[in-house]
Amino acid sequence: MPVSENVIQEEGVKIFHPSLVNLYGCRIGKDSRIGSFVEVQSGVVVGKRCKIQSHSFLCEGVTLEDEVFIGHGVMFTNDLFPRSTNADGSIQNASDWQCLPTRVKRRASIGSNATILCGITIGEEALIGAGAVVTHDVPDYAIIAGNPAKIIGDARNHLKKEGSK
């Protein structure tokens with residue numbers, strides 16, 4: 001079953017193609033929308049009124065606050081040093097690695113195909129450019145782009161122009 005029985009869905013959640021997603025052990029906030037081919041793993045918290053576009057991956061340790069936008073094909077990580085096996089050749093299990101949490105604050109937007117390394121916070125109303133590789137905390141309202149992503153602007157300037165239309 002693509003949407004597991006242990007998923008907590010608040011009122012108004014819209015999963016456009018429930019048979020084309022993989023959601024388990026997560027919480028999806030009120031009025032959030034989830035596109036096709038999205039995976040949301042156990043322990044992930046999605047806030048209210050979020051939009052998660054197709055082909056995105058939210059792994060254990062990710063928290064999205066309210067009104068966050070996740071573009072197509074966004075990838076989150078939760079382990080800085082992933083390995084299949086331990087030094088002795090034995091297969092790693094849950095006790096052999098450390099899940100590093102990632103927090104995306106209110107109204108942040110992450111562009112298509114961005115990669116978000118774990119253990120960071122993306123600030124309130126920050127804008128992450130398409131294809132960015134985010135390796136460090138992002139301040140509130142920062143516009144960042146590139147690989148590795150760097151600050152290229154201030155979203156407050158963009159928001160002022162947007163509000164004057």
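Reader: Is Lys105 buried or exposed?

Author: In this predicted model, Lys105 is buried, with a relative accessible area of 19%. Buried means under 20% relative accessible area, exposed over 50%, and partly exposed in between, using a 1.4 Å probe and protein chains only.

Reader: Which residue forms a salt bridge with Lys105?

Author: Lys105 forms one with Asp140, and their closest N and O atoms are 3.6 Å apart. The pair links distant parts of the chain, 35 residues apart: Lys105 is in the loop between β13 (102–104) and β14, and Asp140 is in the loop between β18 (133–134) and β19 (142–146). Asp140 is partly exposed, at 33% relative accessible area. A salt bridge here is a side-chain nitrogen of Lys or Arg within 4 Å of a carboxyl oxygen of Asp or Glu. Strands (E, at least two residues) and helices (H or I, at least four) are DSSP runs, numbered from the N terminus.

Reader: How many salt bridges does that rule give?

Author: The count comes to 8. One of the salt bridges joins Glu124 and Arg106, with 3.6 Å between the closest N and O atoms. Glu124 lies in the loop between β16 (121–122) and β17 (127–128), and Arg106 in the loop between β13 and β14, so this pair ties together parts 18 residues apart in sequence. Both residues are partly exposed, Glu124 at 23% and Arg106 at 31%.

Reader: Which residues are joined into one network?

Author: Arg49, Glu67, Arg107 and Glu125 are joined by salt bridges that share partners. Within this group, the side chains of Glu67 and Arg49 meet at 3.0 Å, N to O. Glu67 sits in the loop between β10 (62–64) and β11, whereas Arg49 sits in the loop between β7 (45–46) and β8 (51–52), 18 residues apart. Glu67 is partly exposed at 22%, and Arg49 is partly exposed at 39%.

Reader: Changing topic, in what order do the strands of the open sheet run?

Author: The 8 strands run β2-β5-β8-β11-β14-β17-β19-β20, with mixed pairing. β2 (14–15) and β20 (149–154) stand at the edges with a single partner strand each, so one side of each has no neighbour in the sheet. Two strands count as paired if DSSP finds at least two bridges between them.

Reader: In which sense do β11 and β14 pair?

Author: They pair in the parallel sense over 2 bridges, β11 covering residues 69–70 and β14 residues 109–110. Ile70 stands opposite Ile110 in β14.

Reader: And where does Ser36 lie?

Author: Ser36 is in the loop between β5 (33–34) and β6 (39–40). Its relative accessibility is 13%, so Ser36 counts as buried. Leaving aside residues up to four places away in sequence, Ser36 touches His17, Leu20, Val21, Ser54 and His55. A contact means heavy atoms within 4.5 Å.

Reader: What about the chain overall: how many helices and strands?

Author: The chain has 1 helix and 20 strands. Buried residues make up 38% of its 165 residues. The C-alpha atoms fill a box of roughly 60 × 35 × 20 Å along the principal axes.

Reader: Which conventions apply?

Author: Residues are numbered from 1 along each chain as its sequence is written. For this predicted model, local features need pLDDT of at least 70 and side-chain atom pairs count only at pLDDT 80 or more, while totals for chains, interfaces and linings use all residues; side-chain values use heavy atoms, leaving out hydrogens and water.
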